[in-house]
Amino acid sequence: MPRTTNTPPSPIIDCDIHNTFRSARDLLPYLAEPWRSRYADAGLGYPGTGYYSEVGVMRRDATGPNSAPPGSDPRFVAQHLLDTYGIQAGILNGGNILGISLLTDPDYAAALASAYNDWLIDTWLSADTRYFGSLVIAVQDAELAAREIKRLGSHPRIVQVLMASGARDPYGHRRYHPIYAAAEQLGLPVAIHP
């Protein structure tokens, strides 16, 4: 049966846009020493996952201008995703940074999370008002993660706290309570992404 009311259509929100860096060097200006040198030398330091997808984890069809990595150009994503499909809001979920919760060094992981979050605000949230950010945290040290939530969680375009699905302990463990308390204090939902 066709719609008979004059209700406007609901807005379209893409809740899982995987933004990434054009180059690993994009994160360097946001890192202090000793993390800057470590990142410049070894990158994120993820163990291999063996995951394979025909279109690529970051979708080859989303490759940007001048062969920019998929999801690395805010204006290209806005034009080819938000504009094309009439999406009013897109939530950025930090494509290549989510695995930091699997790193063994909690201080390095927390430094990477902070650097990424600052880069997200500077590079993506400033590029288009339809972008909203997920505050990425490293869960190895809940106190450091809570500090990061308190540092940036009140930004008007940060809409959730994002944790990777992999962690040392199940997320119901009390060691994560400081994370949940900080998110609750700022009225932010906590999302988990594989």
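This is a predicted model: local features need pLDDT of at least 70, side-chain atom pairs count only at pLDDT 80 or more; totals for chains, interfaces and linings use all residues.
1. Let's settle the burial words before anything else: a residue is buried under 20% relative accessible area, exposed over 50% and partly exposed in between, using a 1.4 Å probe and protein chains only.

2. Residues are numbered from 1 along each chain as its sequence is written, and side-chain values use heavy atoms, with hydrogens and water left out.

3. Now the overall layout. The protein chain has five helices and five strands, and from the N terminus on they run β-α-α-β-α-β-α-β-α-β. Both kinds of element are DSSP runs numbered from the N terminus: helices are H or I with at least four residues, strands are E with at least two. Contacts here are heavy atoms within 4.5 Å. Among contacts in the protein chain with a separation of 6 or more, 76% come from residues 24 or more positions apart.

4. How are the strands ordered? They form an open sheet of five, β1-β2-β3-β4-β5, with parallel pairing. The edges belong to β1 (13-17) and β5 (190-193); each has a single partner strand, so one side of each has no neighbour in the sheet. From one strand to the next, the twist averages 30 degrees. Two strands are called paired if DSSP finds at least two bridges between them.

5. Look next at β3. Five of its six residues are buried, so the rest of the structure largely encloses this strand. On one pairing, β2 and β3 run parallel and are joined by three bridges, with G90 opposite Y131 in β3. On the other, β3 (residues 131-136) and β4 (residues 158-164) pair in the parallel sense over four bridges. S134 has Q160 in β4 as its bridge partner, and V136 stands opposite L162 in β4. Helix α3 packs on this sheet, touching β2, β3 and β4, and its direction makes about 175 degrees with that of β3. That angle is taken between N-to-C directions, on a scale from 0 to 180 degrees, using axes fitted to C-alpha atoms (for helices, over the stretch in contact).

6. What does D105 do at the start of α3? D105 caps the N-terminal end, with a side-chain oxygen 3.0 Å from the backbone nitrogen of D107. D105 also makes a salt bridge with R38, at 2.8 Å between the closest N and O atoms. This pair links distant parts of the chain, 67 residues apart: D105 sits in the loop between β2 (89-92) and α3, and R38 in helix α1 (residues 35-42). R38 is partly exposed, at 34% relative accessible area. For the record, a salt bridge is a side-chain nitrogen of Lys or Arg within 4 Å of a carboxyl oxygen of Asp or Glu; the whole structure has eight of them.

7. R151 is worth a click, too. R151 forms a salt bridge with D118, closest N and O atoms 3.0 Å apart. Since R151 is in helix α4 (residues 142-152) and D118 in helix α3, the pair ties together parts 33 residues apart in sequence. Both count as partly exposed, R151 at 40% relative accessibility and D118 at 22%. R151 has a salt bridge to E148 as well, at 2.9 Å from N to O. R151 and E148 are three residues apart in α4, about one helical turn. E148 is buried, at 6% relative accessibility. Elsewhere, salt bridges that share partners join D83, D128 and R130 into one network.

8. Last, D73, in the loop between α1 and α2 (74-85). Buried or exposed? D73 is buried, at 10% relative accessible area. Its side chain makes a 2.7 Å polar contact with that of R22. A polar contact is a pair of N or O atoms within 3.5 Å; within protein, one must be able to donate a hydrogen and the other to accept it, and residues adjacent in sequence count only if both atoms are side-chain atoms. Leaving out residues up to four places away in sequence, D73 touches R22, P65 and W124.
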